[in-house]
Amino acid sequence: MRGYSVIKKRPDFLAANRGKRYATPGFVLLVKDRQNESADIRLGITITKKVGNAVVRNRMRRRFRALAQEMLAEKGKQGADHILIGRDGGIERDFGALRADMAARATSAGLATPAVVSTLP
């Protein structure tokens with residue numbers, strides 16, 4: 001079971017675009033704290049056509065969902081929107097490297113402590 005809800009509406013993506021931005025070679029993570037709203041974690045995934053055709057974009061989307069299900073439920077910021085924007089190098093990138101990137105960004109974003117992140121498999 002996933003520990004987040006899904007962002008589907010464009011105004012929510014645009015609002016999250018005003019949040020903090022953390023770039024990696026495989027993706028960009030946007031984190032926007034929602035003021036005075038519910039305390040649940042929300043996730044949005046967006047991948048442009050520049051990355052590749054539909055097969056490539058869907059594979060990247062599946063990888064991002066697996067990454068979020070694995071890490072965001074425990075290390076995500078409560079009451080915040082998390083947006084993953086796919087980059088061109090993300091599809092060839094090893095899943096372990098994506099996991100390490102997400103762990104590093106979670107630490108720099110203040111979502112997780114370094115001690116917790118270093119114990120990841």
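Reply: Let us begin with one pair in this predicted model. The side chains of Arg 34 and Asp 40 form a salt bridge, with N and O 2.9 Å apart.

Me: Is Arg 34 buried or exposed?

Reply: The general idea is that a residue is called buried when its relative accessible area is under 20%. Arg 34 has 9% relative accessibility and therefore counts as buried.

Me: How many salt bridges does a search of the whole structure find?

Reply: The search finds 6. One of them joins Asp 12 to Arg 42, with the closest N and O atoms 3.7 Å apart. That pair links distant parts of the chain, since Asp 12 lies in helix H1 and Arg 42 in strand E4, 30 residues apart.

Me: With which other residue does Arg 42 form a salt bridge?

Reply: Arg 42 also pairs with Asp 81, the closest N and O atoms being 2.7 Å apart. Here strand E4 is linked to strand E5, and the two residues are 39 positions apart. Salt bridges that share partners join Asp 12, Arg 34, Asp 40, Arg 42 and Asp 81 into one network. Asp 81 is buried at 2% relative accessibility, Arg 42 is buried at 16%, and Asp 12 is partly exposed at 23%.

Me: Which residues is Ile 7 in contact with, leaving aside its neighbours within four places in sequence?

Reply: Among them are Asp 12, Arg 42 and Asp 81. Ile 7 is placed in the loop between strand E1 and helix H1, and is buried at 5%.

How values were computed
Residues numbered from 1 in each chain as written. Predicted model: local features only at pLDDT ≥ 70, side-chain atom pairs only at ≥ 80, totals over all residues. Heavy atoms only, no water. Helix = DSSP H or I, 4+ residues; strand = E, 2+ residues; numbered from the N terminus. Buried < 20%, exposed > 50% of the residue type's maximum accessible area, 1.4 Å probe, protein only. Contact = heavy atoms within 4.5 Å. Salt bridge = Lys/Arg side-chain N within 4 Å of Asp/Glu carboxyl O.
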